[in-house]
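Let's take a walk through a protein model together. Have the sequence and the 3D view ready, and follow along as we go.

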Amino acid sequence: MAAPGTVVGLPEVTLGIIPGAGGTQRLPRIVGIPRAIRMICSGERVPAAAALEAGLVDQIASSDLRATAVAHARQLRGEKRLMRERDVPSTQSAEVGEATTAALKAGKRRPAVLAAIDAITATAHVGFDDGLADERAVFQRLRVSREAFALRHQFFAERDSAKHPSLDGAVPRAVELVAVIGAGTMGSGIAISALDAGYRVLLLEQDAAALERGAARIHAHYAGRVQMGKLNASGAAVLEARLQTSLDWAELASADLVIEAVFEDLGVKQQVFRRIDAVARPGAVLASNTSYLDLDAIAAATSRPQDVIGLHFFSPAHVMKLMEVVRGQASAPDALVTGLALGKRLKKRPVLTGNAFGFIGNRLYAAYRRQCEFMVEEGAWPEQVDAALQAFGFAMGPFAVADLSGLDIAWRMRQAATRDPRARYVHIPDRLCEAGRLGRKTGAGYYRYPEGGKGPQVDEAVHQLIAQARADKGLQPRELGDDEIVRRALLAIVNEAALLLAEGVAERATDVDVVLVNGYGFPRWEGGPVFWAHERGVDALQDDLRWLAGLSGPGFVAGDLRHLLTTEN
């Protein structure tokens, strides 16, 4: 029996184990082997109506769940329908093969995925009791594996990311209408996220053509969902009906939450917030989507800095799970918990961060990328660094990511930043930009991108540019092994995490793991960089840090790793 809002599923594989109470043996007898592979290996959550259609529940209660269950039990008159006595539905081997291939690809062939497929497919030729015994043995083995510990660590870190003792007692403000200023790619993605979460959305622009493009982008998104069968036409119409577009800033007066998503320039954002301040209703939460700018400087453009917070979405905003909620110096607790509550309703992983350049995520990633640039300057090639870190489990290597996002973005930031003259500086990224190699959008960056949609190609011109940059500094290149590449990259992240904790930018070590896994492609099954650091231990890490400092040169600041690893979470 299920209440209307019930969601059912078997999520164990997402925690590095397999269902240990007969799930791998019973589910195939209900839905068949291919569907069972898809559900178990992905941890799919099935809504009540779909569960009824699939035979996962017998009835959806229209009113009182217990009364419905009692009535149904009485109708059975003691008759038991034993799942063990059901035959596994006959299935074509090709269909099983397709489901297996898709599950292995999506699950990156992790041990729990492989074990789940074996247990599920065994139902076709192994008896129920033997299947249960085999399932239990595999469950017990996986339960104590390192990967299961790492995934459980990440699960609890994500569960707690929106809970902060410093905000206890604060009540979120009511939000029904969300206004998004800026109809570009980011603003449109934020609007889609809010529509999907059931909010009414006002999309505001100052240019009619830009507003039309933004609205068309949102419509195309929902049309695509319908075409893929992930949403029906009537459902898409309901979502789009909640969208209002406008060029009139006075419309902001009815919004409960205003999210600015305009060009990443402090002067532009301050100008926008002055206009928001003039028309937004008292008590509305005013949020900036800035990714690295000073939130306090933005809030100072208003007469109500207590209502201003940061909501840093990651691109594409309707896909990426991470959302940083930035605490300004004057941000009110109820404004901050409103941002955290919004993140949860948007089905994202909200993480509270202090107001510092790059917040948590971009600051960690900058330290990671900088160390990777050091290694290229010393003798590694970009493709070697990328391959080593992808083999560790990162979704993409840092140089492929740089090409994807555009090298000119970081270039502009470096040109505007004040740099410690003692710190080691790698000129290679600047020289690529000066040569017009700005990444995928120009067909060339660290890699070459031939026309026709082919993937990145190693480019000898980049090797020559790097070799010249080394020679200009008088550096003799040396060979770096993959183990050194991974170790230095992770140590750089861990060291920066220690600095962030000491400065109060991050409140908890576990927040670092949530940010890196959900926003920057760190492998979930590794738990996060802090989990990795805990495994190495304080003494080994201190030795590692001295080694890293010697390689990184002047300007390297060592964090307090003991503080990082003894923080209670």
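This is a predicted model: local features need pLDDT of at least 70, side-chain atom pairs count only at pLDDT 80 or more; totals for chains, interfaces and linings use all residues.

Residues are numbered from 1 along each chain as its sequence is written, and side-chain values use heavy atoms, with hydrogens and water left out.

Two packed helices are described by the angle between their axes and the distance between the axes. Here, axes are lines fitted to C-alpha atoms, for helices over the stretch in contact, and angles run from 0 to 180 degrees between N-to-C directions. Helices are DSSP runs (H or I, at least four residues), numbered from the N terminus.

Start with helix α15 (residues 361-378), which packs against helix α16 (residues 382-392) at about 130°, with the axes 9 Å apart. That angle makes α15 oblique to α16; angles under 35 degrees count as roughly parallel, over 145 as roughly antiparallel, 65 to 115 as roughly perpendicular, and the rest as oblique. Who meets whom? On the α15 side you'll find Tyr368, Cys372 and Val376, and on the α16 side Pro382, Val385 and Leu389. Contact here means heavy atoms within 4.5 Å. By class, these residues are six nonpolar, no polar and no charged (Ala, Val, Leu, Ile, Met, Phe, Trp, Tyr, Cys and Pro count as nonpolar, Asp, Glu, Lys and Arg as charged, and the others, Gly among them, as polar).

Now turn to the packing of α15 with helix α21 (residues 482-503): their axes come within 8 Å and cross at roughly 145°. The contact of α15 with α21 has 13 nonpolar, one polar and seven charged residues.

Next, find Gln25 in helix α1 (residues 23-31). Is Gln25 buried or exposed? Its relative accessible area is 1%, so Gln25 is buried (buried means under 20% relative accessible area, exposed over 50%, partly exposed in between, with a 1.4 Å probe and protein chains only). Setting aside residues up to four places away in sequence, Gln25 touches Ala119, Thr123, Phe128, Gly131, Leu132 and Glu135.

Last stop: Trp525, in the loop between α22 (509-519) and α23 (529-536). Trp525 has 13% relative accessibility, so this residue counts as buried too. Beyond its neighbours within four places in sequence, Trp525 is in contact with several residues, including Lys108, Arg146, Leu151 and Phe392.

Key
Helices (H or I, at least four residues) and strands (E, at least two) are DSSP runs, numbered from the N terminus.
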